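Colleague: I would like to go through the assignments in this model and hear what each one rests on. Please set the values against the cut-offs as we go.

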Amino acid sequence: MEKRFKSLSLFEFHERFPDEESCVKYLASLKWQDGYQCKKCGHGHYCQGIEKYDRQCTKCRRLESPKSGTLFHRCKFPLLKAFYIVYYVSTSKSGISSPELSRKLELRQKTCWLFKQKVMRAMSSSGNHPMDGKVDVDETYVGGQDEKAVRRNEGKKQIMVVAVERKGKGVSRIYGRVVDTAARKHLKRFMMDHIAPGAAVRTDRWSGYRGLESEFPKLVREKSEKKGKNFPQLHRTV
């Protein structure tokens with residue numbers, strides 16, 4: 001869900017979800033997009049339940065709400081405001097605090113904090129969503145100053161590979177991983193885990209990326225410019 005929300009401006013989001021019913025209807029369309037099947041007996045036919053978008057199995061009479069088994073199950077405050085928390089958390093590039101959510105949505109700060117934690121856990125455990133747009137990949141060293149860290153000799157530092165998905169002049173998503181070395185096998189594994197094969201990938205001319213065109217046909221290896229001028233979003237990130 002958070003991935004779908006990221007493409008909407010606040011105005012577009014408000015137009016799409018103006019009230020509680022629009023939120024419940026959206027959850028129902030997602031939950032049963034591949035058809036209905038009772039979770040108790042496996043029957044494939046239903047009738048309307050107590051509420052408008054509930055579904056009740058015509059065989060065992062099990063009742064199911066669009067919210068059950070989702071992030072919004074047993075939500076104690078309006079579903080529309082819960083949707084807005086998901087929207088703000090998933091679209092705020094620099095993050096959003098629970099006091100700010102409380103102010104925007106007129107909810108208790110603790111309520112916002114608890115639900116924000118729930119959203120963030122769901123986002124981190126919802127599985128990997130490979131980047132499929134314009135993606136820049138590069139490696140950097142992390143770990144502070146180290147006199148022995150010269151060029152590819154990292155000394156006590158660790159090397160980290162980072163990928164950013166560009167959207168306009170900003171960044172949509174970021175993935176990073178500490179790797180043993182900048183060898184091709186480590187870079188390839190990271191990229192295959194987090195980048196879709198059809199993405200338009202840019203890297204520098206480091207030898208570790210050589211030959212990865214077979215996995216990423218749109219990969220382009222560019223000569224690095226001074227101060228990362230040709231990879232501005234990536235270098236601002238790292």
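Modeller: Take Val135 first: in strand E7, its bridge partner is Val201. This is a predicted model, and each value below is computed from it.

Colleague: What makes E4 and E7 a pair of strands?

Modeller: Two strands pair if DSSP finds at least two bridges between them. E4 and E7, the latter covering residues 200-203, share three bridges, in the parallel sense.

Colleague: In which sense do E4 and E5 pair, and over how many bridges?

Modeller: Strand E4 (residues 134-142) and strand E5 (residues 158-167) pair in the antiparallel sense, over nine bridges. Within that pairing, Asp138 stands opposite Val162 of E5.

Colleague: Gln56 has a polar side chain. Why is Gln56 called buried?

Modeller: Its relative accessible area is 18%. Buried means under 20%, so Gln56 is classed as buried.

Colleague: What does the side chain of Gln56 reach?

Modeller: It reaches the backbone oxygen of Arg61, at 3.0 Å. The limit for a polar contact is 3.5 Å, so this pair is within it. Gln56 also touches other residues, including Tyr36, His45, Tyr46 and Cys47.

Colleague: Let us turn to charged pairs. What makes Glu21 and Lys52 a salt bridge?

Modeller: Their side chains meet at 2.8 Å, N to O. The cut-off is 4 Å between a Lys or Arg nitrogen and a carboxyl oxygen of Asp or Glu, so the pair qualifies. Glu21 sits in helix H3 and Lys52 in the loop between E1 and E2, 31 residues apart, so the bridge links distant parts of the chain.

Colleague: Is Glu64 buried or exposed?

Modeller: Glu64 is at 2% relative accessibility. That is under 20%, so Glu64 counts as buried.

Colleague: Which lysines does the side chain of Glu64 meet in salt bridges?

Modeller: Lys31 at 2.8 Å, N to O, and Lys39 at 3.3 Å, N to O. Both values are within 4 Å, so both pairs qualify. Lys39 is in the loop between H3 and E1, 25 residues from Glu64 in strand E3. Lys31 is partly exposed at 23%, whereas Lys39 is exposed at 58%.

Colleague: Which residues are linked with Glu64 in a network of salt bridges?

Modeller: The network holds Lys31, Lys39, Arg62 and Glu64. Over the whole structure, the search finds eleven salt bridges.

Colleague: Which residues touch the most other members of the largest nonpolar core?

Modeller: Phe72, Phe83, Ile85 and Phe115, in a core of 35 residues. The elements that give two or more residues to this core are helix H3 (20-31), helix H4 (79-91), helix H5 (98-105) and helix H6 (109-125). H4 gives the most, with ten residues. There is also a second, separate core of 19 residues, which includes Val137, Leu187, Ile195 and Leu219.

Colleague: How many helices and strands are there in the protein chain, and how much of the chain is buried?

Modeller: The chain has eight helices and eight strands. Of its 238 residues, 38% are buried. The chain exposes about 14500 Å², with carbon and sulfur atoms supplying 50% of that area.

Note on methods
Residues numbered from 1 in each chain as written. Predicted model: local features only at pLDDT ≥ 70, side-chain atom pairs only at ≥ 80, totals over all residues. Heavy atoms only, no water. Helix = DSSP H or I, 4+ residues; strand = E, 2+ residues; numbered from the N terminus. Core = buried A, V, L, I, M, F, W, Y, C linked by side-chain atoms within 4.5 Å. Buried < 20%, exposed > 50% of the residue type's maximum accessible area, 1.4 Å probe, protein only. Polar contact = N/O pair within 3.5 Å; in protein donor to acceptor, adjacent residues only side chain to side chain. Contact = heavy atoms within 4.5 Å. Areas by Shrake-Rupley, 256 points an atom, 1.4 Å probe, with all protein chains shown as cover. Lists of a residue's contacts leave out its neighbours within four places in sequence.
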